[in-house]
Amino acid sequence: MAKTVALLLGVHAHQPVGNFTQVLDDAHLRCYGPFLRVLYQYPNFHFAIHCSGWLLDYLLTHYPQDLQLLKEMVKRGQAELFGAGYTEPVLAAIPARDRVGQIAMLSDYLTKKFDQAPQGAWLTERVWEATVVPALADAGVKYVTVDDYHFMCTGKHGGELNGFYTTEEDGRKLDLYPISEALRYRVPFSPAHEVVSYLENLADESDQAAAVYFDDIEKFGIWPETYEWVYEKGWLKDFIEGVLASSIIRPMRYCDYHARARTRGVVYLPTASYSEMNEWALPVPAAHHYADMVEREKREGRWEISKPFIRGGIWRNFLMRFPEANWMHKRTLALSHRYHALPEGKKTPAMLHELYQSQANDAYWHGLFGGLYLPHLRRAVYNAIVALEAMLDAVEPRPTKEMIDLDLDGRDEVFLHNSKLQAVVRMDGSASICELDAYRLKHNFGDTLMRQTEHYHRKVNAGNAHEHSGNGIANPHERVNFKQVIGIEDLGTDNHPKTLFIDKWRDEGAPDSLLPLRYAVTAGKGAALSFKASVEKFEIEKMIVLDHASLAVDYRFGNGACGYFSVEINLAMPSCDGPAGRFKIGEDIIGGFGQAQQLDAINEIWLEDEVLGGKVRLSSSRVADFKSWPHFSVSQSEAGFEKIMQAVTIVLSWDLSLIEGPLNVAIEIH
């Protein structure tokens with residue numbers, strides 16, 4: 001019998017919920033459109049495609065001609081559609097009933113728009129936990145693709161991973177295809193003829209051998225250098241024509257292979273994702289140790305043997321690494337519980353839409369792409385969270401004050417809310433505000449990010465130390481590029497969360513460093529909380545009150561008050577350092593949020609933001625010295641290292657010897 005190999009080629013198209021429309025349009029111009037137009041020319045080249053629901057809806061609306069090509073390829077049996085969660089959630093990180101609902105929503109959408117119900121599903125970031133099996137099976141999914149690394153961790157070797165296996169959980173079964181890492185790193189980076197030769201070498205006489213590829217379509221035009229390589233230099237056409245000219249390679253849809261092949265047996269996979277995620281999910285210094293160990297194993301020629309047994313972190317570790325991600329996650333879990341607890345007659349499609357939007361994965365983690373570090377992605381999640389919460393409150397009101405340890409850190413938070421605003425106060429001794437929601441604007445002004453050391457920061461001083469060698473183009477994992485000039489001074493870290501109303505005090509004549517105040521809760525009625533702190537010579541009382549669209553914080557200083565008192569307020573302003581945001585006093589524009597400001601003896605300043613569609617009035621009952629600066633972080637993306645503004649940091653200061661009576665600081669949302 002002649003040697004053959006089935007090529008199961010799948011591509012995954014996704015853009016984060018909340019991404020800029022110009023990014024979506026550019027992605028279609030350089031990737032989605034050209035890819036579909038090339039594939040359409042080759043009816044015998046069978047493939048699979050997954051497109052997240054949010055992106056698919058955008059493409060159907062704005063690029064119907066290209067999506068018509070996909071419809072025709074589906075109709076003529078060339079293309080297979082894969083399902084998934086509609087908004088691309090990490091299924092393992094959301095409640096089981098939302099897993100089923102998300103998958104069913106996209107499956108129904110694909111059936112309605114393309115007349116094909118998916119049999120397979122894409123797992124977001126290929127995050128595998130056995131707990132997702134029942135939901136996938138209950139939603140009608142027969143098979144999914146996961147990394148070959150998952151299988152190697154069970155003791156399987158590469159020669160056994162040329163077909164699908166079967167697993168089960170809680171009485172439901174699911175078939176699993178192992179995605180070849182070797183193919184992921186070759187397609188489309190190696191010359192086309194080399195990839196074709198590699199595929200031919202995978203053939204055997206069993207008539208069952210399969211080469212499994214499923215990866216980001218953005219590699220075909222969006223990643224650096226790929227548009228020129230894939231389309232202008234013809235890599236994609238050369239590859240397809242090379243495959244079709246081969247008497248050995250048989251391009252197939254997954255469903256066709258699944259119908260003709262048999263399972264290779266039972267398998268139980270560990271919790272895992274692709275191998276790169278092992279490093280990304282770890283904090284420093286653990287990530288350093290892991291990366292150094294991997295490099296040593298590669299250098300000494302043991303990596304292919306030791307790889308399955310050198311395990312790093314798992315996707316959920318991002319919720320441990322980043323308290324901001326964990327907070328968003330626990331907010332969505334709580335809102336999902338509230339939504340599903342409603343009587344059916346009170347639930348609405350709009351509520352479900354916002355719930356699913358809040359579960360979109362991109363803002364909860366960070367790897368090669370910006371993810372959590374991109375404020376507009378977190379803002380999209382909070383837009384949905386705040387909108388959903390307002391809808392739920394309208395049909396099932398909450399108490400105006402609730403205390404709970406929402407983020408499971410061992411310290412309570414108090415939720416104060418009215419019909420206009422919500423303030424979440426940390427009961428960790430800081431009495432600061434970690435979330436400030438404006439319901440009309442659907443915005444959380446506390447959506448900031450604390451800087452921490454990332455493993456890849458040590459590459460900043462190394463420069464472009466990993467030059468690509470050989471033919472083809474470099475994989476982005478090999479690159480060290482800089483979108484901006486970044487020095488070691490830009491890699492600072494924060495020793496406290498970037499919240500609102502962080503209070504500090506310095507005694508007269510003391511070194512120029514302010515001591516954070518530690519508060520104990522005392523009382524508070526209605527949508528209010530009271531605290532008290534003691535410094536060396538006097539006490540400070542702090543009261544937080546919500547009044548319509550105003551957050552007021554009142555301070556009272558005991559007898560003998562002296563020294564210098566400051567309040568740090570970190571505000572998430574959507575325009576960041578762009579031209580749509582500005583400080584104003586009266587009719588005078590002081591400057592943008594991206595510029596450092598220093599003003600003496602003011603008692604009012606406005607923050608206007610055209611992206612927000614609103615403005616903020618910050619006022620003090622006593623004149624204050626005002627300083628502000630942009631709060632930048634440094635992170636990596638596929639295009640290189642970049643500085644991103646996360647918030648505007650404002651510090652108000654007073655000489656307590658000049659203050660008599662209470663001090664009131666207020667934030668009004670307009």
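**Inside the fold**

A: Let's begin with how the chain folds back on itself: among contacts in the protein between residues at least 6 apart in sequence, 71% join residues at least 24 apart. Keep in mind that you're looking at a predicted model. It has 18 helices and 27 strands. The radius of gyration is 27 Å, close to the 26 Å that the globule rule gives for 670 residues, so the protein is as compact as a globular protein of that length. Of the 670 residues, 60% are buried. The protein exposes about 26,700 Å², and carbon and sulfur atoms supply 51% of that.

Now for the part you asked about. How many cavities of 30 Å³ or more are there? The count comes to 8. We'll stop at two of them.

The largest cavity holds about 100 Å³ of space. Its lining is made up of 13 residues, and the ones nearest the centre are Ala93, Ile94, His329, Gln359 and Tyr364. Which helix gives the most to this lining? That's helix α16, residues 323-341, with 4 residues. Sort the lining of the largest cavity by class and you get 7 nonpolar, 5 polar and 1 charged residues.

Next comes the second largest cavity, with about 70 Å³ of space. What sort of residues line this one, by class? Here the lining has 10 nonpolar residues, with no polar and no charged ones. To find the spot in the model, look for Ala13, Tyr32, Leu36, Ile49 and Cys51, together with Leu56, Leu59, Leu67, Leu70 and Ile217. At least two lining residues come from each of α1 (21-40), β2 (47-51), α2 (53-62) and α3 (64-75).

While you're zoomed in, have a look at the backbone in a few loops as well. Val187 and Pro188 are joined by a cis peptide bond, with omega about 0°. You'll find Pro188 in the loop between α7 (181-186) and α8 (192-200). The bond from Val284 to Pro285 is cis as well, with omega near 10°, and Pro285 is in the loop between α12 (275-280) and α13 (286-299).

Two other residues are worth a click. Glu125 isn't a glycine, yet it has a positive phi of about 50°. Its loop runs between β4 (120-122) and α5 (133-138). Is Glu125 buried or exposed? Its relative accessible area is 19%, and the cut-off for buried is under 20%, so Glu125 counts as buried. Cys576 isn't a glycine either, and its phi is positive at about 50°. Look for Cys576 in the loop between β21 (564-571) and β22 (581-585). At 14% relative accessibility, Cys576 is buried too.

Note on methods. Residues numbered from 1 in each chain as written. Predicted model: local features only at pLDDT ≥ 70, side-chain atom pairs only at ≥ 80, totals over all residues. Heavy atoms only, no water. 1 Å grid on protein atoms, 1.4 Å probe; cavity = no way out; pocket = protein on both sides within 12 Å on 5 of 7 lines; lining within 4 Å. Points joined across faces, edges and corners; volume = space filled by probe spheres on them. Nonpolar A, V, L, I, M, F, W, Y, C, P; charged D, E, K, R; others polar. Buried < 20%, exposed > 50% of the residue type's maximum accessible area, 1.4 Å probe, protein only. Rg over C-alpha atoms; globule rule 2.2 N^0.38 Å. Contact = heavy atoms within 4.5 Å. Areas by Shrake-Rupley, 256 points an atom, 1.4 Å probe, with all protein chains shown as cover.
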